[in-house]
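Biologist: Could you take me through how helix packing is read in a model such as this one?

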Amino acid sequence: MTNTPSEQPRKQVNQRGAARLAAVQALYQMEVGGTGVLEIVAEFEAHRLGKELDGETYLKADPSWFRSIVSGVVRDQRKLDPLIGSALQDDWALSRLDSTVRAILRAGTFELLERKDVPVPVIVTEYVEIAKAFFEDEEPKLVNAVLDRIAKQIRGEQRK
């Protein structure tokens, strides 16, 4: 008896990774559309996380992880932005970055600061992968470099 694809055990979806991606999308939507945090969290939880919307099926995500990132970034943005700004090259301002890149960097920086239980390489890798989902060129490298600098600054760790 052979296993057909439908009989194979399905790989567990990385629910934290899906929550990170959804958080970046929510933060982007908040910045571009001026939507508030309570409204955006409610919308994502009701219509997107693990649901189908406009023919697209969203991955099942850890809702508490999603909420933590979105609300934490909004709450701590005045602390996050200067950290990100100091990790950028001298001639770059945070405001010059693409809105999606800003959302990725804010979410990643929030996790580096607040989620000491998650290793630096996991956080950096997850957000670089998110950047690769949106960009092909220099943006993933920028995300990697900036989050690496921030990790060294606030955690004093070298990325392995």
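Biologist: At what angle do H4 and helix H6 pack?

Modeller: Two packed helices are described by the angle between their axes and the distance between the axes. In this predicted model, where local features need pLDDT of at least 70, side-chain atom pairs count only at pLDDT 80 or more, and totals for chains, interfaces and linings use all residues, H4 and helix H6 (residues 139-155) pack at about 25 degrees with their axes 10 Å apart. H4 and H6 are therefore roughly parallel to each other, since angles under 35 degrees count as roughly parallel, over 145 as roughly antiparallel, 65 to 115 as roughly perpendicular and the rest as oblique. Residues are numbered from 1 along each chain as its sequence is written, and side-chain values use heavy atoms, with hydrogens and water left out.

Biologist: At roughly how many degrees do the axes of helix H3 and H4 cross?

Modeller: The axes of helix H3 (residues 63-87) and H4 cross at roughly 95 degrees and come within 7 Å. That makes H3 roughly perpendicular to H4. By class, the contact of H3 with H4 has 10 nonpolar residues, four polar and seven charged.

Biologist: How many of the 16 residues of H4 are buried?

Modeller: Buried means under 20% relative accessible area, exposed over 50%, and partly exposed in between (1.4 Å probe, protein chains only). In H4, 15 of the 16 residues are buried, so H4 is largely enclosed by the rest of the structure.

Biologist: Which residue caps the N-terminal end of H4?

Modeller: Aspartate 98 caps that end of H4, with a side-chain oxygen 2.8 Å from the backbone nitrogen of threonine 100.

Technical notes: Helices (H or I, at least four residues) and strands (E, at least two) are DSSP runs, numbered from the N terminus. A polar contact is a pair of N or O atoms within 3.5 Å; within protein, one must be able to donate a hydrogen and the other to accept it, and residues adjacent in sequence count only if both atoms are side-chain atoms. Axes are lines fitted to C-alpha atoms, for helices over the stretch in contact, and angles run from 0 to 180 degrees between N-to-C directions. Ala, Val, Leu, Ile, Met, Phe, Trp, Tyr, Cys and Pro count as nonpolar, Asp, Glu, Lys and Arg as charged, and the others, Gly among them, as polar.
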